[in-house]
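Dear colleague,

Please find below the structure that I am handing over to you. My notes on what was found in it follow directly after it.

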Amino acid sequence: MEQTFIMIKPDGVQRGLIGEIISRFEKKGFYLKGLKMINVERSFAEKHYSDLAAKPFFGSLVDYIISGPVVAMVWEGKNVVATGRKIIGATNPAESAPGTIRGDYAIEIGRNVIHGSDSVESATKEIALWFSEGISQWQSNQH
Ligand code: CMP
């Protein structure tokens, strides 16, 4: 069965959107296969976003992802990669439709609450990266 990688970014965690986001995926009918709350190292965030290394916003994107705990998840179900992207909405919240997560909860592209794999191939890579051995559970030293 198809799987995708979904990450609630630090702004989503800090704003108390974890339950709302999980609820939207659950109510759609997808199955939560794995979940962990972690603080990632700069080098790990750079690896996750390595395709964007040449972009002018790369440094600030990495700063943002390491600014607090994130919730890393694997969701499973038919067409979950493409449908998950629809639930999330367009990358730029200015273009994401009301009813999508970003359409309802975000304004800035640099604070867009959530990440979802953009293809089955990216999902495979991202799940392998985030759920490999050695990526520890979040240490509860914040909040
Ligand atoms: P995400 O779905 O995690 O994939 C790449 C991320 O880069 C994207 O969400 C945004 O958080 C970020 N991003 C994309 N374009 C820009 C931009 N123009 N300025 C700042 N951040 C961006």
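The side chains of His-115 and Glu-126 are joined by a polar contact of 3.1 Å. A polar contact here is a pair of N or O atoms within 3.5 Å; within protein, one atom must be able to donate a hydrogen and the other to accept it, and residues adjacent in sequence count only if both atoms are side-chain atoms. His-115 belongs to strand S4, residues 114-116. Helices (H or I, at least four residues) and strands (E, at least two) are DSSP runs, numbered from the N terminus. His-115 counts as buried because its relative accessibility is 12%. The term buried means under 20% relative accessible area, exposed means over 50%, and partly exposed lies in between (1.4 Å probe, protein chains only).

Please note that this is a predicted model, in which local features need pLDDT of at least 70 and side-chain atom pairs count only at pLDDT 80 or more, while totals for chains, interfaces and linings use all residues. Residues are numbered from 1 along each chain as its sequence is written, and side-chain values use heavy atoms, with hydrogens and water left out.

Strand S4 also contains Gly-116. With 4% relative accessibility, Gly-116 counts as buried.

The ligand

Which residues are found around the ligand? They are Lys-9, Tyr-49, Leu-52, Phe-57, Leu-61, Thr-91, Arg-102, Ile-109, Asn-112 and His-115. A residue is taken to be near a molecule or strand if one of its heavy atoms lies within 4 Å of it. This shell divides into five nonpolar, three polar and two charged residues. In that division, Ala, Val, Leu, Ile, Met, Phe, Trp, Tyr, Cys and Pro count as nonpolar, Asp, Glu, Lys and Arg as charged, and the others, Gly among them, as polar.

A polar side-chain atom of Lys-9 lies 2.8 Å from a ligand oxygen atom, and an N or O atom in the side chain of Arg-102 is 3.0 Å from a ligand oxygen atom. For Ile-109, a backbone N or O atom lies 3.4 Å from an oxygen atom of the ligand. Of the 460 Å² of accessible area that the ligand has on its own, the protein covers 77%. Accessible areas come from the Shrake-Rupley method with a 1.4 Å probe; for residues, only the protein chains shown count as cover.

The ligand sits in the largest pocket. On a 1 Å grid over the protein atoms alone, a pocket is an open set of points where a 1.4 Å probe fits, with protein on both sides within 12 Å along at least five of seven lines. A molecule sits in a pocket if more than half of its atoms lie within 2 Å of its grid points.

Residues with positive phi

Asn-79 has a positive phi of about 55° although it is not a glycine. Asn-79 is placed in the loop between strand S3 (70-76) and helix H5 (80-88), and at 44% relative accessibility it counts as partly exposed. Val-113, likewise not a glycine, has a positive phi of about 75°. Val-113 is in the loop between helix H6 (101-105) and S4. With a relative accessible area of 0%, Val-113 is buried.

Other positions

Ser-43 is part of helix H3, residues 42-48, and counts as exposed at 53% relative accessibility. Lys-28 is found in helix H2, residues 18-28, and counts as exposed at 53% relative accessibility.

Yours sincerely

Terms used. 1 Å grid on protein atoms, 1.4 Å probe; cavity = no way out; pocket = protein on both sides within 12 Å on 5 of 7 lines; lining within 4 Å.
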